[in-house]
Amino acid sequence: MTDRDRHDRTDENRREEEAQLRRVWSNPPGLGYWTSVNNTQIGLWYGSAAFAFMLFAGVLALLVRVQLAVPDNDFLSADLFNQAFTLHGTVMMFLFAVPIFEAVAVFLLPPMLGARELPFPRLSAFGFWSFLLGGIFVCGSIFFNAAPNGGWFMYPPLSTDPDYSGIGADIWLLGLSFIEVASIAAAVELIVGIMKCRAPGMRINMMPLFAWYLLIVAGMILFAFPPLIAGDILFEMQRMFDWPFFDVTRGGDPLLWQHLFWIFGHPEVYIIFLPAIALMAMIVPTFAQRPIVGYSWIVLAAVGTGFLSFGLWVHHMFTTGLPQISLAFFSAASEAVAIPTGVQIFVFIATMLAGRVIFSVPMLFGTGGLAIFIIGGLTGVMVALVPIDWQAHDTYFIVAHLHYVLIGGMLFPIIAGVYYYYPLIGSRKLSDRFGKIAFWLMFAGFNLAFFPMHITGLRGMPRRVFTYPEGIGWDWLNLLSTVGAFVFAAGVAVVVIDVVRPKHRQSKGEQNPWRAGTLEWISEPEENWGVRSIPIIDSRYPLWDQPGLVDDIRSGRFYLPHAREGRRETLVTSVLDAKPIQCLRVGGTSRLTIVSALSLGGVFVALTFHWWITGVLFGAVTLAAILAWLWTGTNDIPEKPEKDVGLGLTLPLYISGPQSVGWWGMFITMVGDGTAFGSLVFGYFFYWTIHEDFTAGISGPGVAWPMASLAMFVAGWLTMLLARWVNEKDWTVGTRALLIAASVLTAGGGIAAFAGPWSFAMDPQAHVYPAIVWVLVLWLMAHAAVGLIMLFYCLARSLAGRLSAAYDMDLRNVVLYWHFLTVTAVTTLCVIGLFPLAR
Amino acid sequence: MPPTENRPRAKPHLPLFILPFCLAGCSGSQSALSPAGEEASSIYLLLIVTTCGAAVIWCLVTALLVYAGRSRRHVYSAGAGQKLILWGGAILPTSILCLLLGYALWLMPATRPWLTNNETSGFRIEATGEQYWWRFAYRDAENGISFDTANELRLPVGERIRFALRASDVIHSFWIPSLGGKMDMIPGRTNFFSLEATRPGIYRAPCAEFCGTSHALMAFTVVVMEKEPFREWMERQTNLLRPRETEGARLFARHGCAACHTIRGTQARGRIGPDLTDIGARQTIAAGTLANTAENIARFIRAPHAVKPGVKMPAFPMIPQAELTALAAYLKGLQ
């Protein structure tokens, strides 16, 4: 900081800057408030909605417990009971556990990283509205007796049976696919935000642990959710068009769903668990009043957990009759994941031992949660041993285990986080007294409810039974569980009361009441701008180690203290070293996000009820809204190439290619997309391996058409590379001509891909072989179609004079898409065209 | 397992033999914690070992957590903390888990010998899961054994019995907690496994994989018998003779029951519903749902859905009460 800068900071100067910032970051008045895209609002709405869904699912659980309180009860009918437990699991997993972490991350990350905003604020808003709509759709179904009823993992053939599952299964598949889209959007946002928007100087080894964990979790979402989306596609194709992916009479196999579901489902557990541990990693150092002990240990352990979690899924399938050698392998991997988990717990214990612990409500919930979680972890070690699982699988022992893991490892830390971070919402703390009452009710109630279930399960009670006869030895155990569930619910109610009770009489506390060391505590609840000025960081706990930091930030002595051009701006830094490289202008308040989320929701709802025309109309609206959003909100050409961001630093306002956030957004999205595609290819080879002759004598798509298609896709890709090169030379006409050539080649490639299975009259309803070939071809064609839209978009930008050598982000991102499209095309066409020859 | 204690004298007439095991509901024991089979016993031991180990570990870690949370205590150095992470978080769990895994992996093939298709040529029981009941087929090509039954399994003590498990509609799971762990029944696949009972008695076995509306009402009874009575029972089943025409059999035919049900030795040869050949001798009816009395049989025929929602069997409100009573008595008499 130079003397001149210090000198400039007169009071008047500051007030003027603050007025600018306030104006730029303000929300529209009245109903327009809901068009806000600011991370603070989105985070709060997201979190409140997720909590509301949690309470709803909790009520369902209480209904389930009432039904099971006594033998031969008829409080709920069998059918309603089956809907209730399915919806309970589904809502808790998809509408609470995953979104709550997205909510916390959207809320906390910008100030924690020292950023004004995440790089794609409108994407966060889009994700939130998608989530809300999808969630209401899924939850509402039970009031029409149309909720999914096949259990939260929806095993076919039960859930593909239209007589049994009715429309509920479609609501599950489509409603959740919609929410999965929102989760992937959040993952893209978080990864790019954490990698590119950290405050200058916050090198990757100085990131707060919360950011590390979220980076890992977002990466896991990117590889875990797409297999489920692929599974959902196969599942819905069977339900909607009778393509026999899981029908054994036509070559399908129900086990493929189990593989795809659990390749998603097990990482999902860690996707839920790690962010909660991340909250602990913020809370424990604060109350131990010292930096975390073993920063590298805990980061490595979290990364290790993330990797291992993808190699465990078969432990959900130990009783399906797989060869014992694979059971042994997955058993070993499942045991191994206990090691990084143990490391993380011991990091917390070591940090506490090496500091002086102030024991407050967040610590109470945190350590109480750990004590519960450890029981869940230990029973996890037990059921990961194959023989124990043979007995315990699908019994109340598992119900107990998973609730010990999820409530101890996720819900308690989340409540700890609510008590810890609540002052960031309104500068007031929650009540200590309420917190303690809530904790003891929840802790006692939880153990009373779930500990007996271990015994009930080993005494032979299967999960998902709506009733049981008396005299088997389950009667009093179940009654205890029901009583415990209500005590636990009372504890949750106390938390809710504490959060919603009016607090205006309570005086506002200090800004950083727990004297924490991390940057999120500079956030000012009354202001929307996140951080007043973007600081330079040189410590893991800057508020402890950098004296005067808060004051310097608040008085605007760092980067971007103003918003002279009236735009929302934040800094983009380099991935590893966090060197400032760009002043990024992010999107502001917009109705387009709501319109596109609602219309996309309309597409899914219309598909559920087979209203094809409505679906197409909603699809068109969605497409128009997204194009308008892109056109008006992205790749904005600045009025000047550079800007003085303060402290004598001038940064470009526009960059493209691998340094830009847009490029990263596209790259990460396409990695997720590629994973979904990979899962479909996995399906193809899965059928290949389980059948002697997978083709069942049915003709394939031949070689000629797929190879013709392949040639055109590759030629299209080369044309795109050429277009990028020509554009760099600023030859506009040449670029346009090449873009048109590429679009012709791509369209031709798509048509040729279609012609293969079409000319051999492959009937997807006849057998699984033509069905999986058609799915791969349709996937490729859909991607080619999206590519064409992108090409025409670039062409339009060029005609509008917004594509040139200097401003080429659109084209570079589309070329990046083309790399992935080409990999998809080459893989698809070689698999369907050449692989049958290798038989 | 001491073979002679608490064991009733084996008799050919089952109801007497069963009595000492019967509680009020006469549903038999259904617990992994009172093992009566080879597999269940070795898993029980593993469970005890791991539970004790888990309890010790939990107490130690929680004690450490509570101690660390106390305000007045020695403050340790960061270096000591790092050591604690290394030993407590990494080395100790790794060694314990290696030992445990070794034990469990060694146990697996011993507990559940891997059977291939051709090893199942001798005596075996083919069990098929149906919504919401169990079809059992006793097969032994070499000794000419081939008969079907439903919802009640009889097994000899001390012999490893091989099972071929299938499902006709959706996924079910075959699980006799007292004898061993479970194995899924998956449409389109056949899973093989084997069980060896070590203690005669009556055991209850629920379906363990959610299979639809009445998943909770899908169980079967396992009667583990001494070898000799078991052999006699098999012989009787194989050479069953019945009088051709009784009033009950005529009613059974007239109301169309035979379209779905088989009663061996009569004209009733339906394959859709459970085999009723010895229904009178079974512990329960409707796959473990009701006690086996003539009244319950009549009640079930009258309105099966009231007892078991989602069941495939149609209701018979039109049968005159007198005929229904006669029909139920006929069925109860099939022993």
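User: What's the strand order in the open sheet of 5 strands in chain B?

Analyst: The order is 3-2-1-5-8, and the pairing in this sheet is mixed. Strands here are DSSP runs of E with at least two residues, helices are DSSP runs of H or I with at least four residues, and both are numbered from the N terminus; two strands pair if DSSP finds at least two bridges between them. Please keep in mind that this is a predicted model, in which local features need pLDDT of at least 70 and side-chain atom pairs count only at pLDDT 80 or more, while totals for chains, interfaces and linings use all residues. Residues are numbered from 1 along each chain as its sequence is written, and chains are lettered from A, with ligands numbered from 1, in the order in which they are written.

User: OK, and which strands sit at the edges of that sheet?

Analyst: The edge strands are strand 3 (145–150) and strand 8 (191–196) of chain B, each of which pairs on one side only. On average, neighbouring strands of this sheet are turned by 25 degrees against each other, direction ignored; axes are lines fitted to C-alpha atoms, for helices over the stretch in contact, and angles run from 0 to 180 degrees between N-to-C directions.

User: How many bridges join strand 1 to strand 2 of chain B?

Analyst: There are 7 bridges between strand 1 (residues 124–130) and strand 2 (residues 133–140) of chain B, and the two strands run antiparallel. Within this pair, B:E130 stands opposite B:W133 of strand 2 of chain B. The loop between these two strands of chain B holds B:Y132, and a cis peptide bond, with omega at about -5 degrees, joins B:Q131 to B:Y132.

User: Where's the cis bond in chain A, then?

Analyst: A cis peptide bond joins A:P156 and A:P157, with omega at about 0 degrees, and A:P157 is found in the loop between helix 5 (121–140) and helix 6 (162–165) of chain A.

User: Speaking of phi, what value does A:D72 have?

Analyst: The phi of A:D72 is near 55 degrees, a positive value in a residue other than glycine, and A:D72 lies in the loop between helix 3 (39–68) and helix 4 (78–113) of chain A.

User: How do helix 23 and helix 26 of chain A pack?

Analyst: Helix 23 (residues 661–690) and helix 26 (residues 768–799) of chain A pack at an angle of about 160 degrees, with their axes 10 Å apart. The two helices of chain A are therefore roughly antiparallel to each other (angles under 35 degrees count as roughly parallel, over 145 as roughly antiparallel, 65 to 115 as roughly perpendicular and the rest as oblique).

User: Which residues meet there?

Analyst: A:F677, A:L680, A:G683, A:Y684 and A:Y687 in helix 23 of chain A meet A:V768, A:I772, A:V775, A:L776 and A:W779 in helix 26 of chain A, where contact means that the C-beta atoms, placed from the backbone, lie within 7 Å. The residues of this contact divide into 9 nonpolar, 1 polar and no charged; Ala, Val, Leu, Ile, Met, Phe, Trp, Tyr, Cys and Pro count as nonpolar, Asp, Glu, Lys and Arg as charged, and the others, Gly among them, as polar.

User: And how many residues does each chain give to the contact between A and B?

Analyst: The contact takes 71 residues from chain B and 72 residues from chain A. On the side of chain B that touches chain A, helix 3 of chain B gives the most, with 19 residues. By class, that side of chain B has 42 nonpolar, 24 polar and 5 charged residues.

Notes
Two residues are in contact if their C-beta atoms, placed from the backbone, lie within 7 Å.
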